[in-house]
Amino acid sequence: MSITVEGTLNIKRIKGANGPFCVGDLLTDIGEFRVKDPILDQFEEGSYAGRYIIQRIFPWSYASNGRLVLEIRARLVDLHVDSGTERSLPEAPIEPDPADEVSAHTGDPGVGHRELEASNAPAIERGQGDGAPPASPTTGPDESPDLALFGDELHTLVAARQPVRLDPTLDDRRRFRAQRNRLKAGLQYGFVPEEQVWYPEESDRYQAYLAAKAGSS
């Protein structure tokens, strides 16, 4: 079961060995949770208010600079941003890249990492770069790099300069980041967080988003 909560997600962008990645602190009425889901890698650093659908709440620990760090994480099914403010957040302590955690912790999370179903949380509404470049899929002799990176469906949209929604459930988090980087830096797409959609920078929708953001600042 999943639960839906209202809150604010403070997203911090961190430079790692695999390139930049994002982590978040979700502030809600039922508690504060650490979020490290792939979907965050699309967002700019800042604070985002909205509704967050939590699938699981579970403890996690890791070693950093000779100390043991304990945190309560929330895994999101989806999120619906009502408003966001891009801003610099205080520097975060050095922490492992979540993409490396996926490789290091497979199968049963084990003692200290046992996941708790979100249905055990208080009853509320229920509902539904920088650094080394990430590895890219190999290409065949007649296949373009973009086709190998995005796949047939997304590549068709990108080639036609249509809006694109990336799939954060990809097994390869580095590939997801490579798609983000290609859209942002190589193909001149811009991300609209309220829709979680990438638009060509020249499109009317993205220009309207930029104008609204400038007007609210």
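This is a predicted model: local features need pLDDT of at least 70, side-chain atom pairs count only at pLDDT 80 or more; totals for chains, interfaces and linings use all residues.
How many salt bridges does the count come to in this protein? The count comes to 17, where a salt bridge is a side-chain nitrogen of Lys or Arg within 4 Å of a carboxyl oxygen of Asp or Glu.

Hi everyone, a word on the ground rules before I go on. Residues are numbered from 1 along each chain as its sequence is written, and side-chain values use heavy atoms, with hydrogens and water left out.

Let me begin with the overall layout. The protein has four helices and eight strands; these are DSSP runs, H or I of at least four residues for helices and E of at least two for strands, numbered from the N terminus. Along the sequence the pattern reads β-β-β-β-β-α-β-α-α-β-β-α. Of the 217 residues, 42% count as buried. Buried means under 20% relative accessible area, exposed means over 50%, and partly exposed is in between, with a 1.4 Å probe and protein chains only. The accessible surface comes to about 11600 Å², and 52% of that belongs to carbon and sulfur atoms; the areas come from the Shrake-Rupley method with a 1.4 Å probe, and for residues only the protein chains shown count as cover.

Now back to those salt bridges. One of them joins Arg-34 and Glu-71, whose closest N and O atoms are 3.8 Å apart. Arg-34 sits in strand 3 (residues 31-35) and Glu-71 in strand 5 (residues 67-86), so this pair ties together parts that are 37 residues apart in sequence. Both Arg-34 and Glu-71 are buried.

Another salt bridge runs between Asp-97 and Arg-177, with 2.7 Å between the closest N and O atoms. Asp-97 and Arg-177 are buried too.

A further one is Arg-182 with Asp-146, at 2.8 Å between the closest N and O atoms. This pair links distant parts of the chain, with Arg-182 in helix 3 (residues 173-186) and Asp-146 in helix 2 (residues 145-159), 36 residues apart. Are its two partners buried or partly exposed? Arg-182 counts as partly exposed because its relative accessibility is 30%, whereas Asp-146, at 17%, counts as buried. There is also a network: salt bridges that share partners join Asp-25, Arg-34, Lys-36, Glu-71, Arg-73 and Glu-95.

Let's move on to the aromatic rings. Searching the whole structure turns up five aromatic pairs. Rings of Phe, Tyr and Trp (its six-membered ring) pair if their centres lie within 6.5 Å; planes under 30 degrees apart count as stacked, over 60 as edge-to-face and the rest as tilted. Among the pairs is Phe-43 with Phe-191, which is edge-to-face, at 5.2 Å centre to centre and 75° between the planes. Both of these phenylalanines, Phe-43 and Phe-191, are buried. Phe-191 also pairs with Trp-198: the ring centres are 5.1 Å apart and the planes are at 45°, so that pair is tilted. Trp-198 is buried, like Phe-191. Put together, ring pairs link Phe-43, Tyr-48, Phe-191 and Trp-198 into a cluster.

Most residues other than glycine have a negative phi. Gln-188, in the loop between helix 3 and strand 7, has a positive phi, near 55°. Gln-196, in the loop between strand 7 and strand 8, also has a phi near 55°. Which of the two is buried, and which is partly exposed? Gln-188 counts as partly exposed because its relative accessibility is 37%, while Gln-196 is buried, with a relative accessible area of 8%.

The loop between strand 7 (189-192) and strand 8 (197-200) also holds Glu-194. Glu-194 is partly exposed, since its relative accessible area is 32%.

One more residue before I stop. Gln-55 lies in strand 4 (residues 46-64) and is partly exposed, its relative accessible area being 30%. Gln-55 and Asp-78 are 23 residues apart in sequence, and 8.8 Å apart in space from C-alpha to C-alpha.
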